[in-house]
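Please go through the model below by question and answer, giving the cut-offs behind each term as it comes up.

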Amino acid sequence: MVAPAPSRGHDAFRGADRRDSIGCVSWSIVARNLPEHAGNAIHTDAGARAAGFERALVAGVTSYAYAVHPVIERFGPGWAAQGTAEVRFRSPVFDGDTVSFPVQERDDGGLDVVALVDRRDAPLVTLTAWPDD
């Protein structure tokens, strides 16, 4: 199931959507922390700086929700209960990052989704998803 809209006035699924050649939504969004994650200091600017980061890290569950948006768009909401995914968190997504999520269809029927930001050449998050067979 796709996560509900965050309570901070930020709709997690309202970004710059673009349909690609396979009908999936490749999109971008300004990543934001949810208020309920502030209990973990790494999700605050002060706590993240104390741990050696430049600013607050966005929670992994939020980054995952952003990355699966095009998967749900392609395979439908039933994917959340029946589908399969492999995800790797390679580098932090920071609060305020503009993150783009290009999508590529795989020969095996799955989708590859990556999270990209201008400040880094390599993906922050990589996700491969397959529908239930």
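Q: How many aromatic pairs does a search of the whole structure find?
A: The model is a predicted one, in which local features need a pLDDT of at least 70 and side-chain atom pairs count only at pLDDT 80 or more, while totals for chains, interfaces and linings use all residues. Residues are numbered from 1 along each chain as its sequence is written, and side-chain values use heavy atoms, with hydrogens and water left out. Rings of Phe, Tyr and Trp (its six-membered ring) pair if their centres lie within 6.5 Å, with planes under 30 degrees apart counting as stacked, over 60 as edge-to-face and the rest as tilted. On that basis, the number of aromatic pairs found in the whole structure is 4.

Q: What is the angle between the planes of W27 and F101, which form an aromatic pair?
A: A pair of aromatic rings is described by the distance of the centres and the angle of the planes. For W27 and F101 the centre-to-centre distance is 5.8 Å, and the pair is stacked, with an angle between the planes of 25°.

Q: How many residues apart are W27 and F101, the two members of this pair?
A: Helices (H or I, at least four residues) and strands (E, at least two) are DSSP runs, numbered from the N terminus. W27 belongs to strand β2 (residues 25–30) and F101 to strand β4 (residues 98–101). The pair thus links distant parts of the chain, with a separation of 74 residues.

Q: What is the order of the strands in the open sheet of 4 strands?
A: Two strands pair if DSSP finds at least two bridges between them. Strand β5 (residues 103–105) and β6 pair in the antiparallel sense over 3 bridges, and β6 pairs with strand β7 (residues 125–130), also in the antiparallel sense, over 5 bridges. The pairing in the open sheet is antiparallel, and its order is β3-β7-β6-β5.

Q: Which strands stand at the edges of the sheet, each with a single partner strand?
A: An edge strand has a single partner, so one side of it is left without a neighbour in the sheet. The strands in that position are β3 (84–89) and β5.

Q: Which residue in the turn of the hairpin formed by β5 and β6 has a positive phi?
A: Within this pairing, Q104 stands opposite D112 in β6. The hairpin has 5 residues between its two strands, and the turn residue with a positive phi, of about 90°, is G109.

Q: Which residues make up the covered face of strand β6?
A: Strand β6 (residues 111–115) has an uncovered face made of D112 and V114. The covered face of β6 consists of L111, V113 and A115.

Q: At about what angle does helix α2 run to β7?
A: Axes are lines fitted to C-alpha atoms, for helices over the stretch in contact (heavy atoms within 4.5 Å), and angles run from 0 to 180 degrees between N-to-C directions. Helix α2 (residues 60–75) lies across β3, β5, β6 and β7, and runs to β7 at about 35°.

Q: Why does S91 count as buried?
A: S91 is placed in the loop between β3 and β4, where it touches R120 and L124, not counting residues up to four places away in sequence. The C-alpha atoms of S91 and V125 are separated by 7.0 Å, although these residues are 34 residues apart along the chain. S91 counts as buried because its relative accessibility is 18%.

Q: What is the relative accessible area of A59?
A: A59 lies in the loop between α1 (45–50) and α2. A59 touches N33, H37 and H43, not counting residues up to four places away in sequence. A59 is buried, with a relative accessible area of 5%.

Methods:
Buried < 20%, exposed > 50% of the residue type's maximum accessible area, 1.4 Å probe, protein only.
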